[in-house]
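Dear colleague,

Please find below the structure I am handing over to you. My findings on its packing follow after it.

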Amino acid sequence: MIRTSTRGRDTLVRDVVDGKEITRLIIHRREMRVGSAVVRIGGIGNVVTKPSFRRHGHARELLSESIRLMGSMGFDVSILFGIPYFYDRFGYTSVIGDYRIEIPTGGGEQAMTYCEVLSMSPDDVPAIIGMYNSDNSRRTGSLVRQLSTWTVFRLGSDWDIPSAAVVAKSGGKVVGYAAYDDVPDHVNVTEVVGAGGDVYSTFIKYFADMAVRRRAASVAFLAPPDHAFAGFARRYGCTSHIAFPNCRDGMGRIINLRATFEKLLPELNARLAGAGRLPLPAMSGVLRISTDIGDLDLLVDGANLQLGPAPVDALHADWELKIDQGQLLALVMGFRSVDDVLHEARIRLAGAGTGGQGEALLNAIFPMGYPHLHPSDRF
């Protein structure tokens, strides 16, 4: 029997047999950015099945029921961090990348200190939240942090690694912060935000000195390559590592197709308007997106998109993208390219203008990027 209970932002889902809990998971209610849009996500975490009941389908039943439950609870999307080749059978696909910028310790020691660096205190939380939300205001994959629910960096670079944090201050004001692994054998900075080069230089010097004390050859900053810090780090001889996992780690699926696109529409319009800098042909028509969880129409009129009425009318589409919802989310998040997705045999773009206007439209509204969910916000 599936039982649920909610406490705060989290819902515990359990499979109970003869009064005994067999398996459980937690649905974490969060808000995630897709560019400037914000969607409501159900973060799946804490999935546990008792050893003697494994390989009997209990986790499969629980997860399937949880997906149905998230639909009734009004979630748009679900995100989880999964073991390899298990969650794809439930419609989840990889949508979050892993990024690392490494600076040799010797190179980092050349940086200058411009700010005072102090351990983070509870009084710093409002400033940190404000800086984080500003820095990530268009970062796809980042979670929205709120003063009512966020108080501390919970996790380091891995699930069992504790985290610590420091702030940079100038004139008594917080001008930057950094979270890092609180361990003795390496220096991984899991999050760094600063108001310009003086703050970044200060943090590079601070963590290079820490690397000397810990006998670490380099300092790793877990920031995507399009973050402002990545450009600043080049002068110190950095190396950038980018990983896009397949069927593991940061995975997602769409729960409610129409509700998701209602929230995405302003962002998609902004992307289409931005694509006006490119030789995008003028176009007008209906793009139908047909998925395994439903269909929707996007009405295209030049640089303007609108969501068509429901239910859709299959007779009036100018282009039709047939795609499963997981791969559609990978496109929305910028994890995969349009060309890559259309290369798959089961995904098809049909209709007038295929290979011309249709693909140009998809490339405009689904550009590639570096979706990133900060390690401390995982569930």
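A nonpolar core is a set of buried Ala, Val, Leu, Ile, Met, Phe, Trp, Tyr and Cys residues joined through side-chain atoms within 4.5 Å, where buried stands for under 20% relative accessible area (1.4 Å probe, protein chains only). The model is predicted, so local features need pLDDT of at least 70 and side-chain atom pairs count only at pLDDT 80 or more, while totals for chains, interfaces and linings use all residues. Residues are numbered from 1 along each chain as its sequence is written, and side-chain values use heavy atoms, with hydrogens and water left out.

The largest nonpolar core has 62 residues, and Phe-261, Leu-298, Ile-365 and Phe-366 have the most contacts inside it. Helix α6 gives this core its largest share, six residues (helices are DSSP runs of H or I with at least four residues, strands runs of E with at least two, numbered from the N terminus). Beyond its neighbours within four places in sequence, Leu-298 is in contact (heavy atoms within 4.5 Å) with residues including Phe-261, Leu-265 and Ile-365. Another core, of 29 residues, lies apart from it and includes Ile-101 and Phe-229.

In the pairing of α6 (residues 257-274) with α9 (residues 357-365), Leu-268, Arg-271 and Leu-272 of α6 meet Leu-361, Ala-364 and Ile-365 of α9.

Elsewhere, helix α3 (residues 125-135) has the buried residues Val-125, Ile-128, Ile-129, Met-131, Tyr-132 and Asn-133. These pack against the strands β3 (20-34), β9 (163-170), β10 (173-181) and β11 (188-194).

Yours sincerely

Definitions and conventions. Buried means under 20% relative accessible area, exposed over 50%, partly exposed in between (1.4 Å probe, protein chains only).
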